[in-house]
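Please read it alongside the sequence and the structure shown here.

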Amino acid sequence: RDAYDEFAIAPYEDIKKLKPEMDHDELVERITDAETSTDRKRLYLTMLGVCGGEKDLPMLEEQLRSTQKSKRAGLDAMIACYLTLAGEEGLPLINELFLSNKKSAYADTYAAIMAIRFHGTEGEIIPRSALVESLHLVLEREDLADLVIPDLARWSDWSQIDRLTKMFKDADPENNWIRVPVVNYLRACPLPEAE
């Protein structure tokens with residue numbers, strides 16, 4: 001438990017430095033073991049993102065597509081690992097399964113958003129412009145749009161001013177909670193049209 005806690009507080013940069021010490025095959029074995037606890041699986045997936053490669057993508061894709069809860073435990077870390085190893089070419093699968101899929105469960109979509117956030121701040125593998133395009137898909141899902149609006153502002157993506165203004169104006173008592181993140185986005189925007 002103490003060793004796990006040390007990894008949990010370690011910066012990602014420090015974990016990357018441990019790559020030569022990581023046992024790839026042991027990590028894959030533990031990730032695919034249904035008995036592995038979710039917190040440990042998250043750590044192993046983070047480590048696999050450091051030491052894994054293209055040959056791990058089919059196994060990760062199978063788990064991402066699975067409907068078995070045990071295979072999809074630690075989904076946020078699994079998506080982040082998949083994107084680390086697949087790069088920008090992995091985004092269409094994540095978009096299809098979780099971001100543009102209106103039948104995707106809230107928890108699954110939120111896990112995908114968390115993985116996108118990780119890549120936007122720590123990943124350095126996928127350009128932010130591509131990550132932002134994926135987040136735009138969530139704006140189509142009005143019940144979840146508020147989750148990504150702060151990310152768009154944080155990453156200075158001002159391409160959605162018109163769309164968000166329309167969301168603000170069209171909000172009704174059922175979804176008026178969307179107005180606060182939209183106002184914050186527009187307040188952060190330096191462009192004159194945000195006024």
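## The crossing of H5 and H6

In this predicted model, helices H5 and H6 cross in a left-handed manner. Helix H5 spans residues 57-65, and its axis lies 10 Å from that of H6, the two helices packing at an angle of about 145°.

On the H5 side the contact is made by Leu57, Leu60, Glu61, Gln63 and Leu64, while H6 contributes Leu75, Met78, Ile79, Cys81, Tyr82, Leu85 and Ala86. Sorted by class, the residues of this contact comprise 10 that are nonpolar, one that is polar and one that is charged. As a general point, an α-helix has 3.6 residues a turn, so residues three or four places apart point the same way.

## The nonpolar core

The largest nonpolar core has 65 residues, and the members that touch the most others are Leu60, Leu64, Ile79, Tyr82, Ile94 and Tyr185. Helix H6, which covers residues 75-86, supplies the largest share of this core, with 10 residues.

Leu64 illustrates how this part of the chain is connected: once its neighbours within four places in sequence are set aside, Leu64 is in contact with Arg72, Leu75, Met78, Ile79, Tyr82, Leu93, Ile94, Leu97 and Phe98. Among these partners, Ile79 and Tyr82 also belong to the H6 side of the contact with H5, and Ile94 is, like Leu64 itself, one of the core members with the most contacts to other members.

## Helix H7 and its surroundings

Helix H7, residues 91-99, is mostly covered, with seven of its nine residues buried. The buried positions are Leu91, Leu93, Ile94, Asn95, Leu97, Phe98 and Leu99, and these residues pack against H5 and H6 as well as against helix H8 (106-123) and helix H9 (128-138).

## The chain as a whole

The protein has 12 helices and zero strands, and its pattern along the sequence is accordingly written α-α-α-α-α-α-α-α-α-α-α-α. Its radius of gyration is 18 Å, close to the 16 Å that the globule rule gives for 195 residues, so the protein is as compact as a globular protein of that length. Taken along the principal axes, the C-alpha atoms fill a box of roughly 55 × 35 × 30 Å.

Of the 195 residues, 48% count as buried. When contacts between residues at least 6 apart in sequence are considered, 63% of them join residues at least 24 apart.

Conventions. Residues are numbered from 1 along each chain as its sequence is written. This is a predicted model: local features need pLDDT of at least 70, side-chain atom pairs count only at pLDDT 80 or more; totals for chains, interfaces and linings use all residues. Side-chain values use heavy atoms; hydrogens and water are left out. A nonpolar core is a set of buried Ala, Val, Leu, Ile, Met, Phe, Trp, Tyr and Cys residues joined through side-chain atoms within 4.5 Å. Buried means under 20% relative accessible area, exposed over 50%, partly exposed in between (1.4 Å probe, protein chains only). Helices (H or I, at least four residues) and strands (E, at least two) are DSSP runs, numbered from the N terminus. Contact means heavy atoms within 4.5 Å. Axes are lines fitted to C-alpha atoms, for helices over the stretch in contact, and angles run from 0 to 180 degrees between N-to-C directions. A crossing is left-handed if the near helix is turned anticlockwise from the far one by less than a right angle, and right-handed if clockwise. Ala, Val, Leu, Ile, Met, Phe, Trp, Tyr, Cys and Pro count as nonpolar, Asp, Glu, Lys and Arg as charged, and the others, Gly among them, as polar. The radius of gyration is taken over C-alpha atoms; the globule rule is 2.2 Å times the number of residues to the power 0.38.
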